[in-house]
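Reader: I am new to this structure. Could you show me how to read it, one feature at a time?

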Amino acid sequence: MIIEFLTLFALAFASATLLPGGSEIYLSQLVLQTLDENHSPTSLLTIIWLVATVGNTLGSTLNYALGRYFLHFQKRKWFPVSDKQLLKSQHWFQKYGRWSLLMSWAPIIGDALTLLAGIMKIPFWTFFSLVLIGKGFRYAFVIALVAGFIQ
């Protein structure tokens, strides 16, 4: 199962970055395989949850790091975000605050939230804790949904 765990970690990591991807399908496949092959799968499901959560959180941490250095390039011609868009995003983040990072699991907006957290220089451990909680709940929900569906 080591290869499966490494694959899940890599997929979870990549899907949390600005790259497109989704780890839920592979995670669901592992959950189904685990439930099919084991009479007492709780410990394996916990490991699956942990691997996916940590991988996805570390992928978001890469976005955070990119955000921390993003503004160094703001005055460059190739910079992908206009000053107006950046100000609007920063205003939105200030309005909803760091607690919005609990939604970092959400498709499309989650990646932007983690990048914005870096731009806004949210303290790292606050960022990491909130993202870890949000992503942990998401993967727990997916595992419970898949496990509940087949039983």
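**Helices and how they pack**

Author: Start with one pair in this predicted model. Helix 2 (residues 24–37) and helix 6 have axes that come within 10 Å, and they cross at roughly 45 degrees.

Reader: What does the angle make of helix 2 and helix 6?

Author: Angles under 35 degrees count as roughly parallel, and 65 to 115 as roughly perpendicular. Helix 2 and helix 6 are therefore oblique to each other. Their crossing is right-handed.

Reader: Which residues of helix 2 and helix 6 make the contact?

Author: Helix 2 brings E24, L27, S28, V31, L32 and L35. Helix 6 brings R138, Y139, V142, I143, V146, A147 and I150. By class, this contact of helix 2 with helix 6 has ten nonpolar, one polar and two charged residues.

Reader: Why do residues three or four places apart in a helix point the same way?

Author: An α-helix has 3.6 residues a turn, so residues three or four places apart point the same way. Keep that spacing in mind when you read a contact list.

Reader: How many helices and strands does the protein have?

Author: Six helices and zero strands. From the N terminus on, the elements run α-α-α-α-α-α. The C-alpha trace spans about 60 × 30 × 25 Å along its principal axes.

Reader: At what angle do helix 3 and helix 6 pack?

Author: Helix 3 (residues 42–70) and helix 6 (residues 124–150) pack at an angle of about 140 degrees, and their axes are 9 Å apart. That makes helix 3 oblique to helix 6. Helix 3 passes helix 6 in a right-handed crossing.

Reader: Which residues make the contact between helix 3 and helix 6?

Author: From helix 3, they include L45, I48, W49, A52 and Y64. From helix 6, they include F124, F127, F128, V131 and L132. The residues of the contact of helix 3 with helix 6 divide into 14 nonpolar, six polar and two charged.

Reader: And how do helix 1 and helix 3 cross?

Author: Their axes come within 7 Å and cross at roughly 35 degrees. Helix 1 passes helix 3 in a right-handed crossing. The residues of that contact of helix 1 with helix 3 divide into 14 nonpolar, six polar and no charged.

**Inside and outside**

Reader: How do I read burial? Is helix 5 largely enclosed or open?

Author: Count its residues that have under 20% relative accessible area. Nine of the eleven residues of helix 5 (residues 109–119) are buried, so helix 5 is largely enclosed by the rest of the structure. The buried ones are G110, D111, L113, T114, L115, L116, A117, G118 and I119.

Reader: What do the buried residues of helix 5 pack against?

Author: Four helices: helix 1 (2–16), helix 3, helix 4 (83–96) and helix 6.

Reader: Take T114 of helix 5. Is T114 buried or exposed?

Author: T114 has 0% relative accessibility, so it counts as buried. Leave out residues up to four places away in sequence. T114 then touches S60, N63, Y64, L101, S104, F127 and V131.

Reader: Where does Y64 lie?

Author: Y64 lies in helix 3. At 6% relative accessibility, Y64 counts as buried. Leaving aside neighbours within four places in sequence, Y64 is in contact with T114, A117, G118, I122, P123, F124 and F127.

Reader: How far apart are Y64 and G118 in sequence and in space?

Author: They are 54 residues apart in sequence and 4.3 Å apart in space, C-alpha to C-alpha. Now look at the whole protein. Among contacts with a separation of 6 or more, residues 24 or more positions apart account for 71%.

Reader: What share of the protein's residues counts as buried?

Author: Of the 151 residues, 42% count as buried. The protein exposes about 9,100 Å², and carbon and sulfur atoms supply 70% of it.

Reader: What is the phi of I108?

Author: Near 70 degrees, a positive value in a residue other than glycine. I108 is found in the loop between helix 4 and helix 5. At 76% relative accessibility, I108 counts as exposed.

Reader: Which residue with positive phi follows helix 5?

Author: K121, with phi near 55 degrees. K121 lies in the loop between helix 5 and helix 6. At 48% relative accessibility, K121 counts as partly exposed.

Key
Residues are numbered from 1 along each chain as its sequence is written. This is a predicted model: local features need pLDDT of at least 70, side-chain atom pairs count only at pLDDT 80 or more; totals for chains, interfaces and linings use all residues. Side-chain values use heavy atoms; hydrogens and water are left out. Axes are lines fitted to C-alpha atoms, for helices over the stretch in contact, and angles run from 0 to 180 degrees between N-to-C directions. Helices (H or I, at least four residues) and strands (E, at least two) are DSSP runs, numbered from the N terminus. Angles under 35 degrees count as roughly parallel, over 145 as roughly antiparallel, 65 to 115 as roughly perpendicular and the rest as oblique. A crossing is left-handed if the near helix is turned anticlockwise from the far one by less than a right angle, and right-handed if clockwise. Contact means heavy atoms within 4.5 Å. Ala, Val, Leu, Ile, Met, Phe, Trp, Tyr, Cys and Pro count as nonpolar, Asp, Glu, Lys and Arg as charged, and the others, Gly among them, as polar. Buried means under 20% relative accessible area, exposed over 50%, partly exposed in between (1.4 Å probe, protein chains only). Accessible areas come from the Shrake-Rupley method with a 1.4 Å probe; for residues, only the protein chains shown count as cover.
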